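Okay, thanks for making time, everyone. Let me put the model up and then walk you through it.

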Amino acid sequence: MSILASTAAQAVELAQELNPEEAKANAAASGAGMAYGLAAIGPGIGIGYLVGQAVQAMARQPESAGQVQTTMFLGIAFTEALALIGFVVFILLKFA
Amino acid sequence: MTSVAQRLEGPSPAAEVAMDMVKRGLVALPLGMMIGALFAGFNGAMSVAYGIALILINLILSALLLGWASRISFAAVASVALGGYVMRLALIFFAVWIVKDMSWVAMLPLGVTLIVTHLGLLVWELRHVSASMAHPGLKPKTPRTSSRPVAAGRR
């Protein structure tokens with residue numbers, strides 16, 4: 001707790017030393033990093049779960065493996081869209 | 001002893017779906033470039049084209065990796081799907097990072113294109129896949145489910 005408080009105090013001191021433009025750029029950079037990082041976690045979990053279930057389905061019912069694989073591919077792509085949205089937020093905050 | 005399927009043989013259905021989506025993406029490319037040009041001029045058109053190319057390459061890579069892994073083993077599918085996700089995200093990041101300072105890049109059209117193309121192509125494709133699942137007799141003409149399960153120990 002005391003470490004958090006001292007870090008926060010240091011951040012406030014640092015922010016006071018910066019001019020508003022620098023502070024804004026720093027905030028955008030941290031926000032961009034967090035957006036990208038956090039947005040990648042959910043799809044990672046989702047794809048892991050999805051692929052696990054699909055592999056189980058293919059092993060149990062090999063005759064429907066083609067259909068399962070098609071659905072898995074589309075599911076992965078849909079889940080990946082969430083990460084892409086986070087990535088777009090990142091590039092807009094960081095590079096635009 | 002019951003033999004358990006370990007891997008698939010034959011053409012990958014994921015690759016067929018991806019090629020379908022690439023065809024549709026190429027059809028949508030001129031329209032996307034026109035919309036980009038309308039909102040952000042030449043830079044917008046170029047950024048839209050780059051964004052669509054990125055998405056199509058991403059889809060092809062994903063399908064090829066999954067198809068390749070499914071011919072090895074189901075366990076490889078799981079590893080390749082997760083590893084491929086990380087790798088493709090990194091590739092997209094580097095692809096954007098390389099061009100970020102170039103004069104023809106407009107970030108807003110590029111970002112919007114990435115999301116809209118990805119979701120648009122998926123929804124477009126999903127309509128056809130759903131139709132073929134609901135009415136399996138209508139599709140596929142060429143055997144989409146031609147992947148054959150191969151039991152452990154068989155070559």
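**Where the two chains meet**

So, across the interface of chain A and chain B, there are 6 residue pairs in polar contact, both residues at pLDDT 80 or more. By polar contact I mean a pair of N or O atoms within 3.5 Å; within protein, one must be able to donate a hydrogen and the other to accept it, and residues adjacent in sequence count only if both atoms are side-chain atoms. On chain A, the side that touches chain B takes at least two residues from each of helix 2 (20-60) and helix 3 (65-94). Helix 3 of chain A has the largest share of that side, 22 residues. By class, the side of chain A that touches chain B has 27 nonpolar, 7 polar and 2 charged residues.

Quick housekeeping: this is a predicted model, where local features need pLDDT of at least 70, side-chain atom pairs count only at pLDDT 80 or more, and totals for chains, interfaces and linings use all residues. Residues are numbered from 1 along each chain as its sequence is written, chains are lettered from A and ligands numbered from 1 in the order in which they are written, and side-chain values use heavy atoms, with hydrogens and water left out.

A word on the classes: Ala, Val, Leu, Ile, Met, Phe, Trp, Tyr, Cys and Pro are nonpolar, Asp, Glu, Lys and Arg are charged, and the others, Gly among them, are polar. Helices (H or I, at least four residues) and strands (E, at least two) are DSSP runs, numbered from the N terminus.

Back to the interface. Here 36 residues of chain A contact 44 residues of chain B, with contact meaning heavy atoms within 4.5 Å. About 3,500 Å² is buried between the two chains, and carbon and sulfur atoms give 83% of that; buried area is the accessible area (1.4 Å probe) that two parts lose on being put together, summed over both.

Over all chains the count is 4 salt bridges. One of interest joins Arg24(B) to Asp20(B), at 3.6 Å from N to O. Those two are 4 residues apart in helix 1 of chain B, so about one helical turn separates them.

**Spaces inside**

The largest one holds about 460 Å³ of space, and 19 residues line it, with Gly32(B), Ile35(B), Val48(B), Thr113(B) and Val116(B) nearest its centre. Helix 1 (13-72) and helix 3 (107-134) of chain B are the elements giving two or more residues to that lining. Helix 1 of chain B gives the most, 10 residues. The lining of the largest pocket has 13 nonpolar residues, 6 polar and no charged. A pocket, on a 1 Å grid over the protein atoms alone, is an open set of points with protein on both sides within 12 Å along at least five of seven lines, and lining residues have an atom within 4 Å of a point. Volume is the space filled by probe spheres on the points.

Definitions and conventions: On a 1 Å grid over the protein atoms alone, a cavity is a set of points where a 1.4 Å probe fits but cannot get out, and a pocket is an open set with protein on both sides within 12 Å along at least five of seven lines; lining residues have an atom within 4 Å of a point. A salt bridge is a side-chain nitrogen of Lys or Arg within 4 Å of a carboxyl oxygen of Asp or Glu.
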